[in-house]
Number of protein chains: 2
Amino acid sequence: MKLKFQVVCLLIFLNQCSTSILQAQELPLPSKAQLAWQRAELGVLISYDLPVFKLSRYDQAKNRITPIEDVNIFHPDSLDTDQWIKSAKSAGAKFAVLTVTHETGFALYQSDVNPYCMKAIRYKDGKGDIVRDFINSCNKYGIAPGLYVGIRWNSFLGVHDFKVQGNDEFAVNRQAYYKKMCEGMVRELCTRYGPLFMIWFDGGADDPSKSGPNALPIVQQYQPECLFYHNAQRADFRWGGSESGTVPYPCWSTFPFPFSHAAKQDSIFADNFKLLKHGTPEGKYWMPAMSDAPLRGSNGGHDWFWNPNEDHHVSSLSTLMNMYYQSVGHNSTLIIGLTPDNRGLIPDADVSRLKEWGDTIRSTFKQPIATWNSKNDEFIINIPEGKSFSKIVLKENIAQGERIRSFTIEAKESTHWNTIMEGSCIGHTFIKVLEKPISAKSIRLQITQSNGKPMLDSFSLY
Amino acid sequence: MKLKFQVVCLLIFLNQCSTSILQAQELPLPSKAQLAWQRAELGVLISYDLPVFKLSRYDQAKNRITPIEDVNIFHPDSLDTDQWIKSAKSAGAKFAVLTVTHETGFALYQSDVNPYCMKAIRYKDGKGDIVRDFINSCNKYGIAPGLYVGIRWNSFLGVHDFKVQGNDEFAVNRQAYYKKMCEGMVRELCTRYGPLFMIWFDGGADDPSKSGPNALPIVQQYQPECLFYHNAQRADFRWGGSESGTVPYPCWSTFPFPFSHAAKQDSIFADNFKLLKHGTPEGKYWMPAMSDAPLRGSNGGHDWFWNPNEDHHVSSLSTLMNMYYQSVGHNSTLIIGLTPDNRGLIPDADVSRLKEWGDTIRSTFKQPIATWNSKNDEFIINIPEGKSFSKIVLKENIAQGERIRSFTIEAKESTHWNTIMEGSCIGHTFIKVLEKPISAKSIRLQITQSNGKPMLDSFSLY
C-alpha cells in the first residue's frame, strides 16, 4: 500500500517543507509518452470508414450488424491527407489519430492479414494506403501520428462486442483466427510506418487472457514509446467519462487500476463514470484523462463520421472555447473528432472553424498580462498598472507527479488579500476563466496541501 | 403428363415402326450444351485452394470449420496452367473445370465482391488471376473451360452448409450480404472470361427462394449456352451417385425432376442414390449422369486436393480403364480430379499416368476391327476372317433422345445366332467389355424395345 507512506503537509511557508520530498517520490509519475500527450493538450481523431460513402445518416447500431453491400462504394475522388493535417494543425492540434479500422472491419491500408482492406477495392487499383498517406502528412507538418484500431465490432466478419457470431466449434475456431488476425494488424501497424505516438483500440482490445488479442507485447516490442490505449491489462490514459469534450473539476491524472474500463470493474462504471471523470489523487497508476467530442457536435449533431448536409452540426467557436477550458483547462487532453467527407476532404465549414478556433486559442494565450517569476519562492504576480485579466493559468511540473492537492488564489487591491477561488488539482494545466475581468495590484497562489514539495511550472494571467 | 403420350413398340423389323416417330418427339432431348458435354466424354476437375499449402493431409471436416491462419501461405512458385491443361489433354479430356472457390472461400481471381481472393495476397503483388490463366490455357489448347464455385462452405466468413453462423439479426444481415456476394461472384465469372462450358456450384447453389443466391438468371443472361450445375431450380447434368468414377448399368440421361439433389427430395437420396445412379427412362428432364473420381483415388487415397508424399495414391492404368468403361461406356461423362501441388504444377506421377491413360484409350479405340454400315437397315456386322474383338461399342444419336429401351447382341458362328448379351440403355456410348475375345462370322444388334424409331449412330467392334 503506497498511500500510507505519503505524508500530506500543510504548507504555510513553502520552502520549509523539505521533509516531504522523499515521500513524494512514491507518487505515480507519467512516462515520457504520457508527458508528451499531456503537453500536447489538443489532438484530433479522424474517422473514416465505408459508411461515409453510403451518403445516408450514420446509424451505429444498424451498421454494427449490417455488412456494407459493396466495398467499392469507397472511392474518394479528392482524398488529401495533407488537407486533413493542415486543418488539424490550424486548430493547434499536436497529434492526429486515424481510424485504421472502425466498425465495418475495413482497413485503410495494405494489410496482409485482413483481406477486407484497401487491397480489396478498385480505388487506386487496390494499391491505396491511407494510413501511409496520413502518416506522411503528419510527419510533413510535424504532427505526431496515432492509429485507432477498431476490433470490437466487425460487420464483415460477424464480430459483435468482440465475439465472433455462433456458439459451436466453428465459432471457436473463427474467434481464434480473429484474435490472430487482430494481432497481425497490430504488428503490421507497429512495424511499417515508423514511430507512432499512440495506438488506440476502440472500446479496448479486450482481455488477452480470454479471447482478446495479445496486443500489448506487440506494441511494447515494436513501439516501446507508443501510448497504449487500451485493453484489460493497461491504459496509458483514460476516457474522461463522456463524449462532451470536457471533464469536470477536479480531474486527477491518477487512477486506482492499471486499466481504464476494458476490464469491467463495477467501481469504474458507477455513478455515471465518476471515477473516469475525476480520477483520484490516491490512484497508484498514472492515467490522465482524455476529453473527446466530435467537431460536429452541436444543433442535434454528434457526428464522429461525416453525414451529408450537416454543416450546421459544426460546433460554434464559443462552444469549442468552453470545451477547451473545461478539458485542457481541467488537466485533460482534448481530442476533437474530424470527419473527412466522401470527397476525401475535411469539409470547408469544418476547416474554417478549426482555424478560427486555433486562432482564438493562440491569440487568447499569446501574451500574459503578467506572469510569476519562477525565481521567487512566493507565488505572487504583481500586475502592471491599468491591466486587467480574465484567465488564470497554472501549470504544475507533472513530470514530478501531481503533488499539489489544494490551493487558493487571492487578489490584493490595496493591502488586503481577498480569495478569488479555492482549488484542488492543478496538473498539467489549470485554467480559471473569470466571469468578468479583474484588475488588482497583485495575485497570489497559496498551496495549502501538497504531497511533497510542490513543483509549479508557470502561473500567468491573461 | 408427358408419359401417357409415349408409345412403346416392339420392333421386329425396324423399318416397320414409322408410326412411333411422332410420339418420340415427346421425348426429352439434350440441349446443345448437354450434347457437347456428353460427346466430350471425359473432363477434368482441377482443385486448388489454400489448404494445399499447409503441407499436411487435407482434412475436409476440420477445414470446413477452421479458417486458414495465414492467407499468404498461398505462394506457388512454379504455377503453370499450361502444364495443367496439357496434362488434361493428354488423357483425352475435352473440358477442364477449375475450383474458383472451394471450402475456405478463397477466390482464385481478382474479385471485386469477395475480398478473400488473390487481391489479398502477396503472390504476384496481389495481381494474380489463376482463373484467367486457366482459361487462357484452355483456349490455347482447345479445351472447353468450366468454373466450379463453392459457396456451401466458407471457413473464412463463417458459412456452414450455406448457413451464416449465428441466429440473430446480425446473422440474417450477413446471410443477405453473402447471398449478394455470391451473386456478384457469379456475375464476375460470367462476364470477364469469355464463353464458359459449364459452371458448377459445389453441393449446389442452394435455393434462391430461401437464402440461396439467385444464380440461374445471371448465368442465363450472360452465358446462355453454359451448362448450369446446379441449384434447387435446375441441373443440366446430375451427379452419378458416387465418387467412384463409375455409374452402374443402365444409366439413363433422363430424370424425373429439373433439379438433381440440391432440392432435397427423399426419392433422390433413397436406396444409396439409386435414382441418381440409374436415372429413369421415363424421366421428363434430360439430365445425363456425371461420374467423378479423383485421379489419386487408390491405395487408401481419395484426394481431390494434393497432399504431400502421396504419389502412390495415383490410380493404376487398369483402374482408370475400368473407370472409363463403367462411366463413358455407361452413357456417363467422366470427370477426373487433378491436384496441382504447392509448386503450382500437376505432379509428375500424375502427368505420366494421364498420358499413359489417354494413350491407352486412343490406341484401344483407334480402329475398329469391323463396323456397321449405317446404310444397312439391319444392325449386322460381318467380321473379317481371322479377326477377334473384345469390346462392342454402340452409340445412339441422343440428339433425338434416348429412344432405345432394350436390345440384344448376338453372334453367329456358322448358321445359328447366339445371344452374347441383353441390354437396355445405349445413350451416347455403350461399351461392352467382353471377358475374353470373341471371333465370329457376324454380330447382330436387335433392338427389342424403342420409343420411336431407334437412331443408332454407330456400332463397332474393337
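1. Helix α8 of chain B, residues 266-278 in this predicted model, spans only 16 Å between its end C-alpha atoms, whereas a straight helix of 13 residues would span 18 Å at 1.5 Å a residue. In α8(B) there is also a kink of about 110°, which is centred on B:Asn272. The residue that follows α8(B) is B:Gly279, and its phi is positive, near 60°.

2. In chain A, four strands form an open sheet in the order β14-β21-β16-β19, and their pairing is antiparallel. Because β14 (370-371) and β19 (430-438) of chain A each have a single partner strand, they stand at the edges, and one side of each is left without a neighbour in the sheet. Strand β16 of chain A, residues 389-396, runs antiparallel to β19(A) and is joined to that strand by five bridges; within this pairing, A:Phe389 has A:Ile438 of β19(A) as its bridge partner.

3. Turning to the contact between the chains, 24 residues of chain A and 24 residues of chain B take part. On the side of chain A that touches chain B, helix α6 of chain A, residues 169-192, gives the most, with seven residues. By class, that side of chain A comprises nine nonpolar, eight polar and seven charged residues.

Technical notes: Residues are numbered from 1 along each chain as its sequence is written. Chains are lettered from A and ligands numbered from 1 in the order in which they are written. This is a predicted model: local features need pLDDT of at least 70, side-chain atom pairs count only at pLDDT 80 or more; totals for chains, interfaces and linings use all residues. Two strands pair if DSSP finds at least two bridges between them. Helices (H or I, at least four residues) and strands (E, at least two) are DSSP runs, numbered from the N terminus. Two residues are in contact if their C-beta atoms, placed from the backbone, lie within 7 Å. Ala, Val, Leu, Ile, Met, Phe, Trp, Tyr, Cys and Pro count as nonpolar, Asp, Glu, Lys and Arg as charged, and the others, Gly among them, as polar. The expected span of a helix is 1.5 Å times one less than its number of residues. The bend at a residue is the angle between axes fitted to the seven residues ending there and the seven starting there.
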